[in-house]
Amino acid sequence: MTAKMLRASPLSVVVCVVVAAVAIVGFVLTKNNAAQQDQTLLHGETAQAALIGSSEFGSVVSEITGFIGPAARYDPGSLQAIASAVASADKSAHFGVNVFRRTAAGFEAIAAAGPGPNTGELATGALAATLSEAQSSRASSPISVPYVPTPIVRSGTNSTVGFAQPVSSGSDEVVYFQFTLDPFTAAKSLLADRGPFGLLRLAVYGSSKPQSSSVVVATDKNLPLTGTIAQAEFSVGTRTWLIVTQARSPLAGSFAAAAPWVILALGLFLALLLAGTIEILVRRQCYANHLVAERTEALEISLSDLRTAQAKLVQGERLAALGEMASVVGHELRNPLTAVTNALFLLRRTIGDSAGSGVEKHLDMAERETTKAATLAEDLTAFVRPRQPVMAELDLADVLHEVIEATPPPEEVELVVDTSPATIAADRGQLAEVLTNLVTNAYQAVPEGGSVRVSSGANGAGAIVVVQDSGPGIDPAVAERIFEPFFTTKSSGTGLGLAIVRRLVEAHGGEISIDKAPEHGTRVTVRLPVGEADAQTAADEANRRSGTDRRAGVSSRKAP
Amino acid sequence: MSSARSTGVLVVDDEEAVRSSAAEILRGEGYEVIEAPDGEVALDLLGRHPVSVMVLDIRMPRRDGVSVLEALADPPPVVLMSAYCLDPDTEARLGTKVGAFLKKPFAPLRLIEEVEAVAHGDANAAQNDTSDLHRTRGPSASPNGTEAK
């Protein structure tokens, strides 16, 4: 029962799963969309950042060169002072500046401040190559002067980058300056929250590849950046640098980021809500169906009861009509029978002892047949007469013994009586009539001799009597009809005996059945309830037991 | 047996065959018997011919047996007879006016016995016979059998 109540209906489970699936798909789609949107925005921001970086570096280099270059051309004497002044502006002393002039021997430093070759020295190695490249580069436009950044040099946490730019396109004087900076600190001071930089975490590499050896500026110490990143190349002079970015927070806004989760949560909630609602409806319908089935069953039962009752009523009415007729016939027979009986009596008295054996024989026959007719009249009226049982407490075994004493078995019948005490309330006279009838029937069932077994005792809350004979037994088809009035298997019976017996037993609230005994013969079973003694008759019965009842007188009078 | 039979008996029954045969039986026993076919005639006869015993049927035209007894303040001893049972209400109402009750058909010998008993005021026997109403098959089933022989 509990397991059944806990089990959800298939429909609600399916709806729950489908809605949840839709919610999850919606979640994935919106999440992808948000990520895509973020990615697009990030690319845009990154491109902007790259542009800014490119132009910033260009302008810084141009500014420095534009400041130093004219001095180098027109007043080389002042060059040293200017370089020192520029270098000292950077208090960290990580800024160095040189001015080289191309000579036949190579690039000779004509002014120097900060780290780098001293004045009069020739540039060597990578520096010489850079200077040469800068000096020989062709500008992309007539007004701009090309410049060349050096490869990044990492030293501890610091990175050093240098820039070489001729004073003017194709000039022999080339300005070279270098920065040494900590990329993390530089990111804080250089980028601040300007433009797109406030939104981004980024790393700028002095090459086209995100190599940690070429990092110039970085907001994070842990590189490379992982997760959703964007990168953009940008030109710094003649070289290509790389910027790698990552959004600090969703660029599309917090709602766009939350939307997938909101959709997922709402979807799952909706799934549960729908499933719950459907479950309730399904259960209600189930309950209603169950109720309908129950009511239908109850209705069918009452209908069947009604049919049974109707059948009983019809049967009862038939019996009532039959009884009415039986009563009329029974009573109408009584006066003629009385007259015939009286006439036979007078006849016998008139003839007296002079009657011949022939007359005697005819008289006997007339008397015998009149007796039979009287019995029939008695049975007919007994069958009809409503006799309310007068209930008194008694021992069934007592009554049975009295009956057997009054109705002893014929010589050829062996009678076995087996009783145990069973106290019930019943009408003593009617009970005796029932038992007499059953015992007599049993005797008649074994005309050629046999045995009759009568047993009685307590049975549950009531009592039971079983009368069994060793006769030929009863046909089941006959057993069904044997209690109907006027139904008889005997040649001489009226067919009312068992009908009367059943009526009496039923008046006591008991039941009677007849069947073929398991071994052989017929078995009649009477079951009687305990019953309730009438207050009045309880006293009578007490008197009867003490032997003062007038009925005791009757039986003694009958005896002779 | 016949020495004391000079007493008068009135037999009242609308069935001529029953009435005349019962009267004949009683005459055979030495009673002086007069007959009446209904209650009215019976009352009329009783006014003119007092009797010692009345054998009275219950169901009769004009005036029935019960009505006859109710009309008489001090009726003679009565043997009541009927094809029907005496219902307890009527039995209680009539009380001691009924000496005996015979259910038809009855053994002629019993008629003789009861008439004799009530004529001699044998109330006990009368009581016993009234209680015979409760019998079903026993004695009633053999009203004229071997007893008549």
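How many helices and strands are there in chain A?

1. Chain A has 13 helices and 17 strands; helices are DSSP runs of H or I with at least four residues, strands are runs of E with at least two, and both are numbered from the N terminus. The model is predicted: local features need pLDDT of at least 70 and side-chain atom pairs count only at pLDDT 80 or more, while totals for chains, interfaces and linings use all residues. Residues are numbered from 1 along each chain as its sequence is written, and chains are lettered from A and ligands numbered from 1 in the order in which they are written.

2. Of the 560 residues in chain A, 33% are buried, that is, they have 20 or more other C-beta atoms within 10 Å of their own, with C-beta atoms placed from the backbone (exposed: 12 or fewer; partly exposed: in between). Among the contacts in chain A with a separation of 6 or more, 66% link residues 24 or more positions apart; a contact requires C-beta atoms, placed from the backbone, within 7 Å.

3. Helices H9 (residues 428–445) and H11 (residues 497–507) of chain A have axes that come within 10 Å and cross at roughly 145°. Axes are lines fitted to C-alpha atoms, for helices over the stretch in contact, and angles run from 0 to 180 degrees between N-to-C directions. The crossing of H9(A) and H11(A) is left-handed, meaning that the near helix is turned anticlockwise from the far one by less than a right angle; clockwise would be right-handed.

4. On the H9(A) side of this contact are A:Gln430, A:Glu433, A:Val434, A:Asn437, A:Leu438 and A:Asn441, and on the H11(A) side A:Gly497, A:Val501, A:Leu504 and A:Val505. These residues comprise five nonpolar, four polar and one charged. Here Ala, Val, Leu, Ile, Met, Phe, Trp, Tyr, Cys and Pro count as nonpolar, Asp, Glu, Lys and Arg as charged, and the others, Gly among them, as polar.

5. Chain A contains an open, antiparallel sheet of four strands in the order S8-S7-S10-S9; strands pair if DSSP finds at least two bridges between them. S8 (215–218) and S9 (230–236) of chain A are its edge strands, each pairing on one side only. The twist from one strand to the next averages 20°. Strand S7 (residues 200–205) of chain A is joined to S8(A) by three bridges, and A:Tyr205 lies opposite A:Val215.

6. Chain B has seven helices and five strands, running β-α-β-α-β-α-β-α-β-α-α-α from the N terminus. Buried residues are 44% of its 149.

7. The five strands of an open, parallel sheet in chain B have the order S2-S1-S3-S4-S5. Because S2 and S5 (100–103) of chain B each have a single partner strand, one side of each is left without a neighbour in the sheet. Neighbouring strands are turned by 20° against each other on average, direction ignored.

8. Five bridges pair S1 (residues 8–12) with S2 (residues 32–36) of chain B in the parallel sense, with B:Gly8 opposite B:Glu32. Strand S4 (residues 78–82) of chain B pairs with S5(B) over four bridges; B:Val79 has B:Ala100 as its bridge partner.

9. S1(B), helix H1 (residues 16–28) of chain B and S2(B) form a right-handed β-α-β unit: with the strands pointing away from the viewer, the path from the first strand over the helix to the second runs clockwise. Helix H5 (residues 108–119) of chain B lies across S1, S3, S4 and S5 of chain B, at about 170° to S5(B).

Note on methods. Two residues are in contact if their C-beta atoms, placed from the backbone, lie within 7 Å.
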